[in-house]
Amino acid sequence: MNMLTIPMARLRAGLLLLVVSMVVLPVQAQEGESPEALIRDSVDTLMSQIEGRKDYFAQHPDELASVVEDNLAKVADMRYIAASVMGRYFSNATPQQRSRFVDTFRQTLIDTYSKGLVTFDYREIRVLDDQEGSRYEDQASVHMEVVGTDGTVYPVSYTMRLDDGQWKVVNVIVNGINLGLTFRNQFDQAMRANNRDYDAVIDGWGPELDVKELEEGE
């Protein structure tokens with residue numbers, strides 16, 4: 001089952017968590033600023049693109065998809081993430097297959113996030129004050145919380161890496177669920193089910209996500 005076929009009532013919480021995990025990250029590291037400081041500065045700016053315009057974007061999905069695509073391009077290292085999802089199969093894939101999977105994976109995220117942005121209401125998005133230190137200068141883990149209108153608190157943690165002066169997200173953990181690992185396991189299962197036919201797996205890629213599990217966490 002493609003995750004877009006999950007009933008909208010179940011998509012509401014899970015999809016916003018995914019959206020927030022990606023679109024509120026900063027574009028570029030400024031000298032002396034920590035990743036969490038950059039996130040704090042960028043939350044209001046990026047989310048203001050959507051807030052108050054849900055009805056408009058619901059009627060203009062192409063424009064919303066364009067906004068989402070632009071934000072994802074700025075904050076997510078899609079090639080790194082896609083390679084991680086392919087896992088041990090990446091090395092044997094042709095350059096064309098790798099590129100095709102990056103494009104397919106990106107479009108899946110855009111379609112999914114666009115749906116979530118116009119369906120979920122939240123009360124607050126907050127970056128936690130107490131952040132863990134990193135052992136490496138080019139890596140960071142940043143923790144946030146999304147508070148739903150019913151008061152439910154969803155922890156969101158993302159792994160970031162510094163590349164060419166830019167902080168990029170390379171993995172997301174939502175309510176204890178490691179999304180990168182979840183998608184990697186699904187790619188592996190699809191490869192096994194299709195006798196390692198890369199093209200068949202890429203053509204049929206539609207990652208399943210148990211949103212109920214996402215809401216309840218581990």
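Reader: How many bridges join strand β4 to β5?

Author: In this predicted model, strand β4 covers residues 166-174 and runs antiparallel to β5. The number of bridges that join β4 to β5 is two.

Reader: Which residue in the hairpin of β4 and β5 takes a positive phi?

Author: The hairpin of β4 and β5 has two residues between the strands. A positive phi near 55 degrees is found there, and the residue that takes it is Asn175.

Reader: What is the bridge partner of Leu162 in β4?

Author: Strand β3, residues 153-163, runs antiparallel to β4, and eight bridges join them. These two strands form a hairpin with two residues between them, where Asp164 in the turn has a positive phi of about 60 degrees. The β4 partner of Leu162 is Trp167.

Reader: Which strands are the edge strands of the sheet?

Author: The open sheet has five strands in the order β1-β2-β3-β4-β5, with antiparallel pairing. An edge strand here pairs on one side only. That applies to β1 (122-127) and β5 (177-178).

Reader: Why is β4 described as largely enclosed by the rest of the structure?

Author: Residues count as buried when their relative accessible area is under 20%. In the protein as a whole, 45% of the 218 residues count as buried. Strand β4 is largely enclosed because its buried residues number seven of nine.

Reader: At roughly what angle do the axes of helices α5 and α7 cross?

Author: Helix α5 spans residues 78-86 and helix α7 spans residues 179-193. Their axes come within 7 Å and cross at roughly 50 degrees. This crossing makes the arrangement of α5 to α7 oblique, the angle being roughly 50 degrees.

Reader: How many residues of the contact of α5 with α7 are nonpolar?

Author: On the α5 side, Ser84, Val85 and Met86 take part, and they meet Phe183, Arg184 and Phe187 in α7. One residue of this contact is polar and one is charged, while the nonpolar ones number four.

Reader: Which residues does Phe101 touch, not counting those up to four places away in sequence?

Author: The largest nonpolar core has 43 residues, and Phe101 is among the members that touch the most others, along with Val85, Phe105, Tyr158 and Phe187. In soluble globular proteins, nonpolar side chains tend to be buried together. With residues up to four places away left out, Phe101 touches Ala82, Val85, Met86, Phe187, Ile202 and Trp205.

Note on methods:
Residues are numbered from 1 along each chain as its sequence is written. This is a predicted model: local features need pLDDT of at least 70, side-chain atom pairs count only at pLDDT 80 or more; totals for chains, interfaces and linings use all residues. Side-chain values use heavy atoms; hydrogens and water are left out. A nonpolar core is a set of buried Ala, Val, Leu, Ile, Met, Phe, Trp, Tyr and Cys residues joined through side-chain atoms within 4.5 Å. Buried means under 20% relative accessible area, exposed over 50%, partly exposed in between (1.4 Å probe, protein chains only). Contact means heavy atoms within 4.5 Å. Axes are lines fitted to C-alpha atoms, for helices over the stretch in contact, and angles run from 0 to 180 degrees between N-to-C directions. Helices (H or I, at least four residues) and strands (E, at least two) are DSSP runs, numbered from the N terminus. Angles under 35 degrees count as roughly parallel, over 145 as roughly antiparallel, 65 to 115 as roughly perpendicular and the rest as oblique. Ala, Val, Leu, Ile, Met, Phe, Trp, Tyr, Cys and Pro count as nonpolar, Asp, Glu, Lys and Arg as charged, and the others, Gly among them, as polar. Two strands pair if DSSP finds at least two bridges between them.
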